[in-house]
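This report covers side-chain contacts in the structure shown here.

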Amino acid sequence: MPEIRVTPLGAGQDVGRSCILVSIAGKNVMLDCGMHMGFNDDRRFPDFSYITRSGRLTDFLDCVIISHFHLDHCGALPYFSEMVGYDGPIYMTHPTQAICPILLEDYRKIAVDKKGEANFFTSQMIKDCMKKVVAVHLHQTVQVDDELEIKAYYAGHVLGAAMFQIKVGSESVVYTGDYNMTPDRHLGAAWIDRCRPNLLITESTYATTIRDSKRCRERDFLKKVHEAVERGGKVLIPVFALGRAQELCILLETFWERMNLKAPIYFSTGLTEKANHYYKLFITWTNQKIRKTFVQRNMFEFKHIKAFDRAFADNPGPMVVFATPGMLHAGQSLQIFRKWAGNEKNMGTVGHKILSGQRKLEMEGRQVLEVKMQVEYMSFSAHADAKGIMQLVGQVEPEGVLLVHGEAKKMEFLKQKIEQELRVSCYMPANGETVTLPTSPSIPVGISLGLLKREMAQGLLPDAKKPRLLHGTLIMKDSNFRLVSSEQALKELGLAEHQLRFTCRVHLHDPRKEQETALRVYSHLKRWAPRSFWLGLGRSGARGGSHCASRQRPQGPLRAAPSRWVRDCGVHPHPGCCPLRGPRHQGAAGVLDLPG
Amino acid sequence: MAAHLKKRVYEEFTKVVQQQQEEIATKKLRLTKPSKSAALHIDLCKATSPADALQYLLQFARKPVEAESVEGVVRILLEHYYKENDPSVRLKIASLLGLLSKTAGFSPDCIMDDAINILQNEKSHQVLAQLLDTLLAIGTKLPENQAIQMRLVDVACKHLTDTSHGVRNKCLQLLGNLGSLEKSVTKDGEGLAVRDVQKIIGDYFSDQDPRVRTAAIKAMLQLHERGLKLHQTIYNQACKLLSDDYEQVRSAAVQLIWVVSQLYPESIVPIPSSNEEIRLVDDAFGKICHMVSDGSWVVRVQAAKLLGSMEQVSSHFLEQTLDKKLMSDLRRKRTAHERAKELYSSGEFSTGRKWGDDAPKEEIDTGAVNLIESGACGAFVHGLEDEMYEVRIAAVEALCMLAQSSPSFAEKCLDFLVDMFNDEIEEVRLQSIHTMRKISNNITLREDQLDTVLAVLEDSSRDIREALHELLCCTNVSTKEGIHLALVELLKNLTKYPTDRDSIWKCLKFLGSRHPTLVLPLVPELLSTHPFFDTAEPDMDDPAYIAVLVLIFNAAKTCPTMPALFSDHTFRHYAYLRDSLSHLVPALRLPGRKLVSSAVSPSIMPHEDPSHQFLQQSLERVYSLQHLDPQGTQELLELTIRDLQRLGELQSELAGVADFSATYLRCQLLLIKALQEKLWNVAAPLYLKQSDLASAAAKQIMEETYKMEFMYSGVENKQVVIIHHMRLQAKALQLIVTARTTRGVDPLFGMCEKFLQEVDFFQRCFIADLPHLQDSFVDKLLDLMPRLMTSKPVEVVKILQTMLRQSTFLHLPLPEQIHKASATIIEPAGESDNPLRFTSGLVVALDVDATLEHVQDPQSTVKVQVLYPDGQAQMIHPKPADFRNPGPGRHRLITQVYLSHTAWTEPCQVEVRLLLAYNSSSRIPKSPWIEGGEVSPQVETSIEGTIPFSKSVKVYIMPKPARR
C-alpha cells in the first residue's frame with residue numbers, strides 16, 4: 001500500500017525549529033531546517049540523527065526545501081549541511097538565497113562572538129552551505145530527479161517566502177511554510193492554485209485568532225505613534241523579525257510623507273540595512289502598489305528613516321526607533337528601553353512581563369526599573385489567521401491537512417474545525433511522531449484512439465463527471481498499461497478469436513402462437529432483465545472464464561487487482577440491448593481470470 | 001493690357017478646374033462598381049495554390065462591398081468553397097460569408113440554405129465553428145423570421161455533440177442569441193420531442209471543457225439579455241459552477257447567479273444540511289460574498305461589483321458583510337444572532353489586539369462556530385483589504401451603492417470607509433472619499449471619525465484635499481466640537497496649501513449653513529470677542545479670517561440670534577464681503593440695516609436678478625443706438641464694455657455672458673474705430689503708416705471672433721452666425737486696407753477671389769439664418785453678389801468699403817448658458833529661483849498641473865505650449881489619460897512636459913502656457929449637399945489654430961553642456 005509519511009523533527013505542536021521530514025512514493029524530502037530561539041543547548045537544532053544514525057544524510061534525503069529566510073526556518077542549515085554532512089540540493093527562492101546568509105552570519109556572530117560558544121558553524125561553513133543552494137522561481141516546476149518535482153508558490157509573510165508543492169507521480173504534498181492571506185503594505189497575499197494534494201502541511205500560529213481588519217491595526221498604530229510624537233515623546237518599537245520591520249518602516253515612511261512630519265525615525269541594526277538592499281532589488285516579490293510605483297520611486301528607499309547610532313538615544317525631542325530583538329530580552333532594544341522607560345511621555349511596545357502588566361522590573365545588577373512609559377501591544381504578525389488558514393485549505397482542496405508551527409492546544413481547536421467544516425482529515429503530530437497517510441495513486445493507462453472514439457460515438461450526451469464503462473482489453477507489458485480493443489489484443493498476441501456460446505433450454509407452456517409468445521417473453525425480459533438477468537449472465541460468463549462483470553470505473557478493478565497480462569473488463573453499457581440474441585460473448589481465448 | 005491678360009488666364013483656369021472635377025467624379029463611380037464579383041472570380045480561378053487563394057481572399061476582404069453586389073460575390077465564394085480542399089481557405093471563405101451577410105441593405109436569407117448545406121458536409125472543426133459563426137451573423141440579421149431562427153437552433157443542437165470545443169462554443173452562442181423559450185416542436189427519430197433551449201444549454205454546464213462551460217453560461221446570460229425569463233432551476237446548477245476549477249467559469253457563474261437572484265428574489269430555497277429555508281436573494285448574496293475571497297482576482301472584482309447591485313437583500317445579511325468575526329452560520333440560526341455575538345466577545349476567537357487574549361480557554365459551543373459556511377461574513381472586510389486595488393475599488397463602489405439604499409448599513413460601513421482613507425493607492429482613497437460624499441445624507445460623523453477624515457486634509461495630493469472639501473460640504477457633524485475641529489483643520493490646511501483657498505471657503509460656506517445651531521455657541525470664540533473689552537480688529541485680507549467669517553455668516557442666515565453677537569467691525573466686514581464675495585456670503589437680515597433690500601431678496605427670481613437686468617439693459621442700450629454720432633457711439637461702447645467686465649468680475653454666474661458680450665462689443669468698437677480712420681480720405685501713398693492701425697484692428701477682430709466661437713461653451717448656432725458675420729466684416733476690412741496700401745492690383749485678384757468664396761461659403765452654411773440678418777453687411781453683400789463676381793477688384797473694394805460703412809450693428813442674442821473656458825496653471829508655480837538643471841540634449845520632465853473650466857472635450861483641444869527664450873515654440877499634446885474630471889464643467893490636467901534644449905550659458909526662463917486648439921470645420925453645420933463623395937472646395941476655410949487661454953508661467957531652466 002503506497003503511503004505518505006510525515007515526521008516533524010521540529011515545529012510539531014511547537015513554534016520554532018521548523019523541520020519536517022516527508023516520505024512520498026519512496027522519496028525523502030526535508031522541509032525547512034530551522035533553529036529554536038528559546039534554547040542554547042542541543043535542543044536548538046533538530047535531531048538529525050533521527051534520519052540516520054550511521055551513513056551520510058545525502059543517501060537518505062533527496063532534497064531539502066527552505067520556505068523563507070527566518071532563522072526558525074533556516075537557522076540550522078549550515079550545521080546540517082556542513083557539520084552533520086549533507087551534499088544534496090537545497091532549494092529556496094532567490095530572495096531567500098540572498099538574505100539567508102546575512103541572517104545566518106548575524107546569528108553566528110551573536111552565538112560565537114558574544115556568547116563565546118565553541119563548536120559552532122563558521123563563516124566558511126555558511127558560504128559552503130550556500131553553494132549547495134539551488135534557487136527557484138515562483139511557479140517554476142523544478143525536477144529534482146526523474147520522478148520528484150517541486151514548485152514554489154507565493155506565500156506573503158516575508159520577502160521571498162514560498163509555499164512548496166512536492167510531487168511524485170500523482171501523489172503530492174503542499175508545504176506552506178509561514179504564509180499570510182491578507183496583503184500588507186509591502187507584500188501580497190499568499191496564493192496557490194487548486195492543486196488537490198494528498199496532504200497539506202500548514203502552519204497554525206494563529207489557530208484561534210481571527211484578526212481585525214488590517215486597516216484598523218494600521219490606523220491604530222499610526223495614530224498612537226503620531227500622538228506620542230506630537231506630545232514630544234520618544235517611541236521605541238522593538239521588532240521581532242526582518243520583514244516586519246520593513247513593513248512598519250513603509251507604513252511610517254508613507255505616513256510621515258503624507259502628513260509632512262519631521263520627527264526622525266531611526267533604524268537600529270546594521271543587518272537590516274544590508275537586507276534592505278535586497279528588498280530594493282526583489283521588487284517583483286512585493287505587492288501590487290510597490291511593483292507599480294518603483295519606477296518613480298522605490299518604496300524601500302526611505303527618506304525619513306535613518307540608521308541609528310547609540311548616541312541618538314539621549315537626544316532631546318521626539319523620535320521613533322526600531323530596535324531588535326522584539327522581546328526586549330537583550331540587545332539594543334533593551335538598552336534603549338532602560339533609558340526611556342522612566343518617562344511617561346514615551347511609548348514602547350515591549351516585553352512579556354511588561355505586557356502582562358508588571359510595572360517594576362528587576363534588571364541584572366539588582367536594580368529595579370520603574371516603567372512609567374506607555375506600553376502598547378500591537379500585532380503586525382504576517383501569519384494567516386484562523387479564517388485565512390481555512391481559506392487556504394479550501395483553496396487547495398487537499399485530502400488531508402497536517403498542522404505544524406503552532407501551540408498544541410490551539411491546534412486542537414483548529415483541527416476540530418477543519419474536520420467539522422471541511423470534512424478533511426486533520427493531523428497534528430508532535431516532534432518525532434510519524435503520521436502515515438495511505439494514498440491511492442492512479443496508474444495511467446494508455447488507450448488507443450480508435451477504441452476511445454468508437455466508445456465515444458455510442459454515448460449521446462456529455463456527462464463528463466460520470467464514469468463510463470467501455471469494452472476493451474487491458475494489456476500489461478513491462479510496466480506500461482494499454483487498453484485496446486479485443487480484436488487488436490488478439491492480433492498482438494497472435495491468438496484466434498474463440499467464441500463461447502451459452503445456451504439453456506426453457507420449456508414454455510403457452511397456448512398462444514409462437515410469434516406472440518416470443519414477443520411477450522421479449523417484453524417481459526425487457527422489463528426485468530436490465531439488472532438481474534444480465535448480472536446473472538455476467539456472473540455465469542465469469543465462471544465460464546471469459547467475461548468479468550464490473551460496474552466500477554475502469555481503473556477500479558485495475559488498481560485493486562493487477563492481473564497478469566490480459567483481462568477483459570468490458571460490460572455492455574446498455575444491458576437491455578439484445579436479450580434475445582442469446583449470451584454470445586466475444587472474449588479473447590486463453591484469457592486468465594482472477595476471481596474478484 | 002496686362003490686367004486683361006490676367007483676367008483671361010484667370011477665367012480659363014476656373015473652367016478647367018470645374019471640368020476636371022466632374023470627370024473624375026463620374027469616372028470613379030463607374031469604375032468601382034461592377035468589378036467586385038467578377039474580379040474576385042478571376043482571381044480565385046487564377047489561384048494555383050491554396051496560399052494564393054488565401055492571399056486573394058485577404059486582399060478582397062480589405063475593401064467594402066456594396067449591398068447590390070453582395071449576392072454575386074457570395075455565389076462565387078460558395079462555388080469556390082465546394083471546390084476547395086484546403087481547410088484554411090474554406091475557413092476564410094466562411095468568415096467572409098459572415099462578414100458579407102452583415103452588409104447593410106443585404107438580406108442574407110438566401111445564403112442560409114447554402115451555409116447549412118455546406119455545414120453538413122464539412123469535416124474540419126475550425127471551419128465548422130466559423131460556419132456556425134456565419135449562421136449566427138445571418139440569424140442576428142433576421143431577428144423577426146421565426147422559421148429561420150428555429151432552423152438555426154436545430155442546426156446548433158445537432159452540432160452540440162461535436163468533439164471540438166470550438167464548435168460546441170459556437171453552437172451555444174447560436175442558441176443563446178437565437179433560441180427562444182417558446183417550445184418548438186421538432187421531429188426527432190421516434191416522434192415529437194419538445195426542445196427547450198434552456199434545458200439544452202443547461203446540460204452543457206457540466207461539459208468537460210471549461211471553455212464550453214463558460215460559453216454555456218454566457219449563452220444563458222445572453223438569453224436573459226434578450227428578455228427571456230430564465231428558469232429558477234438554473235440557480236442550483238449555477239451554484240455548483242461556483243466551485244469550478246477555472247476562473248472564467250466561476251466569473252460567468254457569479255454573473256448568472258446574480259441574474260437569477262434579481263429575477264426570483266423572493267422565492268425560497270432550502271439550506272443544504274439543515275431543514276431551514278431562506279430567500280433566494282439572500283442565499284445568492286451569501287454565495288457571491290463568498291466569491292469575494294476567491295483565488296482569482298478577476299472573479300473577486302466581478303463578485304465585489306455585483307454585490308453593490310443586490311439591493312433586495314435582507315439587512316442582517318448585509319450587516320454581516322462588515323463583520324469578519326461573526327462566523328456563526330446565521331442562515332441556520334438566525335435567531336441566535338446575539339448569542340453568537342456574545343460567544344465571540346467571550347473570547348473563543350481572539351482579535352489579536354490584546355496581548356495574551358488568544359490563550360485557549362474552554363470551548364463553549366464549537367458547533368455554533370462555523371468558519372467556512374460563513375457566507376456573507378466579512379465579505380467587505382476582505383474586499384477592502386484585498387491586494388489588488390481593482391478589487392478594493394470595486395468593493396468601495398459596492399459599499400457605496402448598498403449604503404445609498406440602506407441608511408442603517410451606511411451608518412455601519414462608515415468606519416470601513418474612513419479606514420480606506422488611509423489606503424496606499426491614491427485612486428482608492430479618492431474613490432472612498434467620493435463614496436462617502438454620496439452617502440453623506442444617510443450618515444452623521446462621530447468625532448473620532450471626523451478626526452480621521454480631517455487628518456487626510458494634510459494629504460499632499462490636491463485631488464484628495466479637494467474631494468475632502470466637497471465631502472465636508474455635505475456631511476453632518478454631530479457636535480460643536482466637531483465643527484470646531486473641522487474649522488481648525490481647514491485653517492491648518494489653508495496655511496499649508498494656500499492654493500486651496502477657494503475650495504476651503506466654499507466648504508465652510510456649506511458647513512456653516514448646515515449646522516447653524518452648532519456654530520452659534522462657537523461664535524464668540526471664533527470672532528474672539530470679549531464681553532467687556534474691544535479686541536483688535538482682524539486683518540480683512542487674511543484668508544483665514546475670511547474663512548471664519550464665511551462660516552459664521554452662512555450659519556447666521558438661518559440663525560437670527562447670531563448677529564447680536566457680532567461686534568461692529570464684523571458688520572463692516574460683512575458689508576464688504578457681501579459685496580466682494582457675494583457667492584460665498586448670503587444676504588443677512590441684520591438689525592438696523594436696510595431691511596428693504598433684504599425683504600426683496602427672497603422673492604427675486606433668477607432672471608429678475610438686478611445684475612442680470614443691468615446686463616440686459618446695458619446691451620439694449622447699445623443695440624438701440626443706430627444713428628448716434630460716431631464719437632458718442634465709441635464712448636458708449638467703451639463704457640458698456642467696462643461695465644460688462646466689472647459685472648463679470650462681480651457676479652461669477654454672469655461672467656460668461658458678460659464677457660462674451662463685451663468681446664462682441666469690443667469687436668464692434670474696433671470696427672468702428674477702424675472705419676473712422678482718416679486713411680479712407682487720404683491718397684494712397686500717404687497713409688502707409690496709419691494703416692497699421694486699421695489692419696491691426698482687422699487682425700484683432702479675427703482673433704476675438706475665434707475666441708468667441710471656440711472659447712465659450714454653450715454657444716448656439718444663432719451666435720455662431722453673428723460671429724462669422726463679424727469675421728466676414730473683418731476680412732472685408734482687411735481686403736480694403738490691403739487694397740489701399742498695396743500698389744498694383746496683382747495680389748488683389750487672389751484676395752478678392754478668396755473673399756468672394758468665403759461669402760459664398762457663408763451663404764451656404766447659414767442659409768437658414770439669413771433672414772435674421774436683414775439689413776446687415778452680408779445681406780447687402782449678397783444682394784450685390786452677381787455684380788461683385790464680375791467686377792474688377794478695385795471696384796469690389798470700393799463697393800465693400802461703402803457697404804461696410806453703411807452696415808448696421810447686429811444684435812447678438814444671448815444664449816441660455818454660456819461659460820468662458822479658462823485655465824489656471826497651478827504647477828509649475830513659477831516662483832522658484834533654482835533653475836532646473838539638466839544635461840543639454842537630454843530631456844527633463846516638468847510636472848504640469850492645471851485646472852480647466854468649461855472646456856469641452858479637453859482631451860483633443862487642450863495643448864501645452866513651451867516657449868523658449870530663443871523664440872522656439874513647442875506644442876505638446878497631453879495624453880487623454882492625463883485629464884481628470886472632478887466635476888461637471890471642470891477638468892484637471894496633470895501631465896508631464898518634456899523639455900530639451902541645447903546648452904545655454906545662463907539659466908533662463910521658458911514660458912509654459914495652455915492653448916485651446918480649434919478647428920473651424922467642427923462648428924459649422926453641414927448642409928446636406930456638402931456630404932457625399934464630392935470634395936469640398938472650401939477646404940482652406942476650415943481654419944485650425946490655437947488660442948492661449950491661460951496665463952503663462954515662467955520656469956527657470958538651465959541646460960548644461962554634457963561633460964565628457
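## Side-chain contacts in the predicted model

B:Asp643 has a relative accessibility of 18% and counts as buried, because buried means under 20%. The model is a predicted one. The side chain of B:Asp643 meets that of B:Arg642 in a salt bridge, with 3.8 Å from N to O. B:Arg642 has a relative accessibility of 54% and counts as exposed.

**Salt bridges**

Over all chains, a search of the whole structure finds 52 salt bridges.

| Salt bridge | N to O distance |
|---|---|
| B:Lys199 and B:Asp203 | 3.6 Å |
| B:Glu470 and B:Arg890 | 3.0 Å |

The pair B:Lys199 and B:Asp203 lies within one element: both residues belong to helix α10 (residues 197–203) of chain B. They are 4 residues apart, about one turn of the helix. B:Lys199 is exposed, at 52% relative accessibility, and B:Asp203 is partly exposed, with a relative accessible area of 28%.

The side chains of B:Glu470 and B:Arg890 also meet in a salt bridge, at 3.0 Å from N to O. B:Arg890 counts as partly exposed, at 26% relative accessibility.

In chain A, salt bridges link A:Arg56, A:Glu82, A:Asp87 and A:Lys132 in a network.

**Aromatic contacts**

The structure holds 27 aromatic pairs over all chains. One of them is formed by B:Phe380 and B:Phe409, whose ring centres are 6.3 Å apart and whose planes are at 50°, a tilted arrangement. This pair, too, links distant parts of the chain. B:Phe380 is in helix α18 (residues 379–384) of chain B and B:Phe409 in helix α20 (residues 407–420) of chain B, 29 residues apart. How accessible are the two residues, B:Phe380 and B:Phe409? B:Phe380 is buried, at 1% relative accessibility, and B:Phe409 is buried, with a relative accessible area of 0%.

Chain A has an aromatic cluster made up of A:Phe45, A:Phe48, A:Tyr79, A:Phe80, A:Tyr86, A:Tyr107, A:Phe120 and A:Phe121.

Charged groups also sit over rings in chain B. The charged end of B:Arg727 is over the ring of B:Tyr706, at 3.9 Å from its centre. B:Lys509 lies over the face of B:Phe510, and its distance from the ring centre is 5.4 Å.

**A nonpolar patch on chain A**

On the surface, A:Ile447, A:Leu449, A:Leu452 and A:Met456 form a nonpolar patch, and together they have about 340 Å² of accessible area. Which element gives the most to the nonpolar patch? Helix α14 (residues 449–458) of chain A does, with 3 residues. A:Ile447 is found in strand β23 (residues 446–447) of chain A. A:Ile447 counts as partly exposed, at 32% relative accessibility. The cut-off for patch residues is over 30% relative accessible area, so A:Ile447, at 32%, passes it.

Methods:
Residues numbered from 1 in each chain as written. Chains lettered and ligands numbered in written order. Predicted model: local features only at pLDDT ≥ 70, side-chain atom pairs only at ≥ 80, totals over all residues. Heavy atoms only, no water. Phe/Tyr/Trp six-rings, centres within 6.5 Å; stacked < 30°, edge-to-face > 60°. Helix = DSSP H or I, 4+ residues; strand = E, 2+ residues; numbered from the N terminus. Buried < 20%, exposed > 50% of the residue type's maximum accessible area, 1.4 Å probe, protein only. Lys NZ or Arg CZ within 6 Å of the ring centre and 35° of its normal. Salt bridge = Lys/Arg side-chain N within 4 Å of Asp/Glu carboxyl O. Patch = residues over 30% accessible without salt bridge, like charges linked within 9 Å, V, L, I, M, F, W, Y side chains within 5 Å. Areas by Shrake-Rupley, 256 points an atom, 1.4 Å probe, with all protein chains shown as cover.
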